[in-house]
Amino acid sequence: MSRKVLLDVDPGCDDAVALGLALASDELDVVGVTTVAGNTSVDNATRNALSVLTLFDRTDVPVAAGCGRPLAHELETAEEIHGEGGITGELPGPAAEPVSTDAPAFIREQATEHDDLTLVGLGPLTNVAVALMSDPDLPERLEEVTVMGGTIRATGNRTPMAEANFYSDPAAARRVVWDANPKVAGLNVTHRAQVPPGVVDGDSATAETIRAWLDYYPDWVRESVGLEHAAQHDALVVAGLFADVLTHESAPTDVFVDDGDARGAVMFDEYGLTDAERTARVAVDVDVDRFRALLGERLSRLV
């Protein structure tokens, strides 16, 4: 049977790639998409998600718009990286409207409707945290929570210690880490998941758009981070739902919420030096070759 998943996203080019991978994989059944402010405004993110689903002829997948700002900070977007409006490439206009239910309520509804649902957080975790605060028993009704965020090494992309999703809403990230026992994949592994756009064949407009998403890093990002190709952070998390591409370790884990360079940084007590009880399963290694081959094969199904 396919694994039922709900994707919480802020498209964003790598979110669009992750959506494509999920839709192209028979192992997954995408029961819904929720949107959150992050890479761009929530209005743009919602429009982008609807347009991606329209591009792939999957307007049957419901989309619920969510939180428009972090819990305790001002929104800082990343359109300078992902493009004006939050996404590059030629996209059709949305052929559907978002559902009337807001994202946190939609998450709770879907967890009740599907007793084996996996919640996948690929943007700031505001929607997930709000859902948890209003329904503390939510984790018990979910099969799993898995997120892209943070880093357990000094490889941040917002500060030397902090990744963008956790930096954007550290209070939400802390709530999810404390309460949902998530699987977490951060920049220490996702930066290695570089994928050249040539993994997708074809000369269709859809193929060109996917290649634009795969090649979304501006030159200044490549030079500053030292990457040859854009890293597909979110798609790696989706691939990990059904393929053996990530290795996780469990340890007491926390997220720093104070302002400054440590905002959004992850404390991963790898050697058990604290008596903290809060535990997450954090990715420590990645099979890049397997992931790259898998992503190319699945995305090529969409063109």
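1. The sheet. Nine strands make up an open sheet, ordered S3-S2-S1-S4-S5-S6-S9-S7-S8, with mixed pairing. Strands here are DSSP runs of E with at least two residues, and helices are runs of H or I with at least four residues, numbered from the N terminus. Two strands pair if DSSP finds at least two bridges between them. The edges are S3 (63-65) and S8 (266-268), each of which pairs on one side only. Neighbouring strands are turned by 30° against each other on average, direction ignored.

2. Basis. This is a predicted model, in which local features need pLDDT of at least 70, side-chain atom pairs count only at pLDDT 80 or more, and totals for chains, interfaces and linings use all residues. Residues are numbered from 1 along each chain as its sequence is written, and side-chain values use heavy atoms, with hydrogens and water left out.

3. S7 (residues 246-255) and S8 run antiparallel, joined by three bridges. Asp254 has Met267 in S8 as its bridge partner. Strands of a sheet pair through backbone hydrogen bonds, either parallel or antiparallel.

4. Helices on the sheet. H1 (residues 13-23) lies across S1 (3-9) and S2 (28-35), at about 155° to S2. H8 (residues 170-180) lies across S5 (144-148), S7 and S9 (279-286), at about 110° to S7. Angles run from 0 to 180 degrees between N-to-C directions, and axes are lines fitted to C-alpha atoms, for helices over the stretch in contact. Contact means heavy atoms within 4.5 Å.

5. Helix H2. Its 14 residues should span 20 Å at 1.5 Å a residue, and the end C-alpha atoms are 20 Å apart, which agrees. The expected span is 1.5 Å times one less than the number of residues. H2 is mostly covered, with 12 of its 14 residues buried. Buried means under 20% relative accessible area, exposed over 50%, and partly exposed in between (1.4 Å probe, protein chains only). Among the buried residues of H2 are Val42, Leu50 and Leu55. Their cover includes H1, S2, S3, H3 (79-82) and H10.

6. Aromatic pairs. The count is two. Rings of Phe, Tyr and Trp (its six-membered ring) pair if their centres lie within 6.5 Å; planes under 30 degrees apart count as stacked, over 60 as edge-to-face and the rest as tilted. Phe56 and Trp213 are edge-to-face, because their planes stand at 85°, with the centres 6.1 Å apart. This pair links distant parts of the chain: Phe56 is in the loop between H2 (42-55) and S3, Trp213 in H10 (residues 205-214), 157 residues apart. Phe56 is buried at 10%, and Trp213 is buried at 1%. Tyr216 and Tyr217 are also edge-to-face, 4.8 Å centre to centre and 75° between the planes. Tyr216 is buried at 6%, and Tyr217 at 8%.

7. A charge over a ring. The charged end of Arg263 sits over the ring of Tyr167, 3.9 Å from its centre. The rule asks for NZ of Lys or CZ of Arg within 6 Å of the ring centre and within 35 degrees of the ring normal.

8. Backbone points to check by eye. Most residues other than glycine have a negative phi, and most peptide bonds are trans. Asp57 is exposed, at 65% relative accessibility. Asn181 has a positive phi of about 45°. Asn181 is in the loop between H8 and S6 (183-185) and is partly exposed at 37%. A cis peptide bond joins Pro11 and Gly12, with omega about -5°. Gly12 is in the loop between S1 and H1.
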